[in-house]
Amino acid sequence: MMVHDYYLSVAYLENKLDKQKVELGKKKKEMLKNISKDKNFTEFYPSFDDLKYLPQNSVLIKISFTLKKPYISKNEGEFHIVYVKEKDKKEVKIFENPIVRDKFTGLSVVRPTAWKGHLRFAAEMVKKDETEKKKIIRRLFGSKTDEDEALKGRLYFFSTFFRNESERDVITPLKRDTRTPVPKRAPINLELMKIGAKGELYLLYFPYPKGENYKDREVEEDLKFLAEALKLMFYTYGFSAKKTAGFGVVDPIDEDKIEIVPENFKEYFSVIYRLHDGREGGA
């Protein structure tokens, strides 16, 4: 009898706790919705006018993109809810895979550290002499934490804020051999940015301080290599969690969607954009 009462009490408490989580989730969702109304996230982006205050060979890059495949990320926060329609009945549930949001604006965001990680991954995949590639990657992204000599990278990343509302999706993990759902793992609710969502990537290339081994030719080497890495990240590997499943790649980017200041450096990035006549850049 005591065991029976124990399990009844645990079930009662868990049910009560779930209801409290749902209520907290509703309040959190409403707060995020309200704060995002008043925030102008473009204030966090650099302007091309700012560049006139920076030294020679500083380059600001703005790339406007549209998602070809969904973008997902993993937020560590709690109390996220999702509205689920099951058997003609709409229910509210807590789910564990919310997208990363900016705490100030409440908007879905790709953080600078995430951009840096994904672009560095793509840079490692660029086909080039390995010794030269390591030198350029070190110049662009900085030294690794286990290196004795610290070096700050020449690239500066900015957050990307999505104007589109995030949406809920469901994935079903399958067994490799039978292609049937994995027991106790499916279905999995995800919050994501769906196909067609638009965003902007801002990158600042700032080759200072120059240091003893600096050479002017490195600017051209760095920017051409950066263009190849961006091409791989946007079109092949993506910038999302679950890259191996094709998440986070983008549609072909038209020439007028890439802005480079100073403009004389734009030709280095022609491998990324599609020309007005439909040909791919660099063709």
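Q: Which residues is arginine 139 in contact with, leaving aside its neighbours within four places in sequence?
A: Contact means heavy atoms within 4.5 Å. By that rule, arginine 139 touches Leu151, Lys152, Gly153, Arg154, Glu218, Glu221 and Asp222. Keep the source in mind: this is a predicted model, where local features need pLDDT of at least 70, side-chain atom pairs count only at pLDDT 80 or more, and totals for chains, interfaces and linings use all residues. Residues are numbered from 1 along each chain as its sequence is written, and side-chain values use heavy atoms, with hydrogens and water left out.

Q: Is arginine 139 buried or exposed?
A: Buried means under 20% relative accessible area, exposed over 50%, and partly exposed in between (1.4 Å probe, protein chains only). Arginine 139 has a relative accessible area of 13%, so it is buried. Its place is in helix H3. Helices (H or I, at least four residues) and strands (E, at least two) are DSSP runs, numbered from the N terminus.

Q: How do I read a pocket?
A: Rolling a probe the size of a water molecule over the atoms shows where empty space is left. On a 1 Å grid over the protein atoms alone, a pocket is an open set of points with protein on both sides within 12 Å along at least five of seven lines; in a cavity, a 1.4 Å probe fits but cannot get out. Lining residues have an atom within 4 Å of a point. Here the largest pocket has a volume of about 800 Å³. Volume is the space filled by probe spheres set on the points, which are joined across faces, edges and corners.

Q: Which residues lie nearest the centre of the largest pocket?
A: Lys135, Arg138, Arg139, Leu151 and Arg154 do, out of 30 lining residues. H2 (112-124), H3 (130-141) and H4 (217-237) each supply at least two lining residues. H3 gives the most, with six.

Q: Now strands. Which strand pairs with E11, and in what sense?
A: Two strands pair if DSSP finds at least two bridges between them. E1 (residues 59-66) and E11 pair in the antiparallel sense over four bridges. Leucine 60 stands opposite valine 261, and isoleucine 63 has isoleucine 258 as its bridge partner. E1 also pairs with E9 (residues 198-205), antiparallel, over eight bridges. Seven of the eight residues of E1 are buried.

Q: Which face of E11 is covered?
A: Ile258 and Ile260 make the covered face, Glu259 and Val261 the uncovered one. Isoleucine 260 is buried, at a relative accessible area of 3%.

Q: How many aromatic pairs are there?
A: Rings of Phe, Tyr and Trp (its six-membered ring) pair if their centres lie within 6.5 Å; planes under 30 degrees apart count as stacked, over 60 as edge-to-face and the rest as tilted. The structure holds 15 pairs. Phenylalanine 234 and phenylalanine 239 have ring centres 6.3 Å apart and planes at 85 degrees, so they are edge-to-face. Phenylalanine 265 and tyrosine 268 are tilted, at 5.9 Å and 50 degrees.
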